[in-house]
Amino acid sequence: MRVLLSRRRRDESGAIAVLTGLVLVILLGMCAFTADIGVAYVNKRQLQTAADAAALGSAVVFAQGATSGVGCAGMVLAHQTEARAEATAKVADNDNDANPATPTFTPTCDALGLKVTVKAAATSPGFFGPIFGRSNYAVDRTASARVTVAGSVGAGMRPLALCSDRKSTRLNS
């Protein structure tokens with residue numbers, strides 16, 4: 001009987017199968033997490049494109065509207081509804097996600113002119129995340145465009161400048 005017990009203590013057959021099973025579960029979890037984060041990154045980039053298009057589109061609405069002599073505040077009052085509709089349409093056109101983004105549209109007047117800020121927020125679905133308790137990821141992006149008076153340009157020319165002011169670069173967890 002003692003010989004049988006001592007032989008079982010030294011028998012390690014099957015130990016590799018147990019270790020392989022544990023490592024396999026960990027590796028599959030890491031692959032699933034990587035796939036979900038990759039999808040969230042793609043959705044974040046699409047959302048940035050949507051926010052950029054919305055900010056530029058609403059700034060164009062303000063710039064092309066009749067604004068002679070009304071100033072910045074008058075321009076906002078006169079064209080805010082059209083610009084908000086344009087921003088919402090641009091976000092809807094450029095966001096390819098199954099969960100549509102909700103834009104926040106904010107026109108503000110300052111010493112430099114009118115600044116239009118659009119923040120788009122959405123959720124990116126997690127395909128494998130629910131296995132590990134994470135069903136989706138919140139993503140948001142912000143873009144700004146400015147409408148201001150140009151100093152001097154040639155006859156019949158309309159100046160247009162595109163500048164980037166990227167402050168929101170994180171993926172919300």
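Biologist: How many aromatic pairs does the structure hold?
Modeller: One aromatic pair turns up. A pair here means rings of Phe, Tyr or Trp (its six-membered ring) with centres within 6.5 Å; planes under 30 degrees apart count as stacked, over 60 as edge-to-face and the rest as tilted.

Biologist: Which rings, and what are the centre distance and plane angle?
Modeller: Phe-62 and Phe-105, with ring centres 6.4 Å apart and planes at 15 degrees, so the pair is stacked. The two link distant parts of the chain, since Phe-62 is in helix 2 (residues 15-64) and Phe-105 is in strand 1, 43 residues apart. Helices (H or I, at least four residues) and strands (E, at least two) are DSSP runs, numbered from the N terminus.

Biologist: Is this an experimental model or a predicted one?
Modeller: The model is predicted: local features need pLDDT of at least 70, and side-chain atom pairs count only at pLDDT 80 or more, while totals for chains, interfaces and linings use all residues. Residues are numbered from 1 along each chain as its sequence is written, and side-chain values use heavy atoms, with hydrogens and water left out.

Biologist: Back to Phe-62: buried or exposed?
Modeller: Phe-62 is buried, at a relative accessible area of 0%. Phe-105 also counts as buried, at 9%. The cut-offs are under 20% relative accessible area for buried, over 50% for exposed, and partly exposed in between (1.4 Å probe, protein chains only).

Biologist: Which residues of the largest nonpolar core touch the most other members?
Modeller: Phe-62, Phe-105, Leu-114 and Val-118, out of 25 residues in that core. A nonpolar core is a set of buried Ala, Val, Leu, Ile, Met, Phe, Trp, Tyr and Cys residues joined through side-chain atoms within 4.5 Å.

Biologist: Which element gives the most to this core?
Modeller: Helix 2, with eight residues. Helix 2, helix 3, strand 2 (113-125) and strand 3 (136-147) each supply at least two. In soluble globular proteins, nonpolar side chains tend to be buried together.

Biologist: What about Ser-58, buried or exposed?
Modeller: Ser-58 is buried, with a relative accessible area of 0%, and lies in helix 2. Leaving out residues up to four places away in sequence, Ser-58 touches Ala-83, Glu-86, Ala-87, Phe-105, Val-116 and Val-118. Contact means heavy atoms within 4.5 Å.

Biologist: And where is Leu-56?
Modeller: Leu-56 is in helix 2 too, but at 37% relative accessibility Leu-56 counts as partly exposed. From Leu-56 to Glu-86, C-alpha to C-alpha, is 9.5 Å in space and 30 residues in sequence.

Biologist: New topic, sulfurs. How many disulfides are there?
Modeller: A search of the whole structure finds one, taking a disulfide as a pair of cysteine sulfur atoms within 2.5 Å. The partners are Cys-72 and Cys-109, with sulfur atoms 2.0 Å apart.

Biologist: Which parts does the pair tie together?
Modeller: Cys-72 lies in helix 3 (residues 71-94) and Cys-109 in strand 1 (residues 102-110), so the pair ties together parts that are 37 residues apart in sequence.

Biologist: Left-handed or right-handed?
Modeller: The torsion about the S-S bond of Cys-72 and Cys-109 is about -90 degrees, so the disulfide is left-handed. Cys-109 is partly exposed, at 41% relative accessible area.

Biologist: What about Cys-31, buried or exposed?
Modeller: Cys-31 is exposed, with a relative accessible area of 51%.

Biologist: OK, the overall layout. How many helices and strands?
Modeller: Three helices and three strands, in the order α-α-α-β-β-β along the sequence.

Biologist: How do strand 1 and strand 2 pair?
Modeller: Antiparallel, over nine bridges; two strands pair if DSSP finds at least two bridges between them. A hairpin joins strand 1 to strand 2 through two residues, and Asp-110 has Gly-113 in strand 2 as its bridge partner.

Biologist: Last one, Tyr-137. Where is its place?
Modeller: Tyr-137 is in strand 3 and is buried, at 4% relative accessible area. Setting aside neighbours within four places in sequence, Tyr-137 has contacts that include Phe-33, Asp-36, Ile-37 and Ala-40. Gly-126 is another contact of Tyr-137, and their C-alpha atoms, 11 residues apart along the chain, are separated by 6.9 Å.
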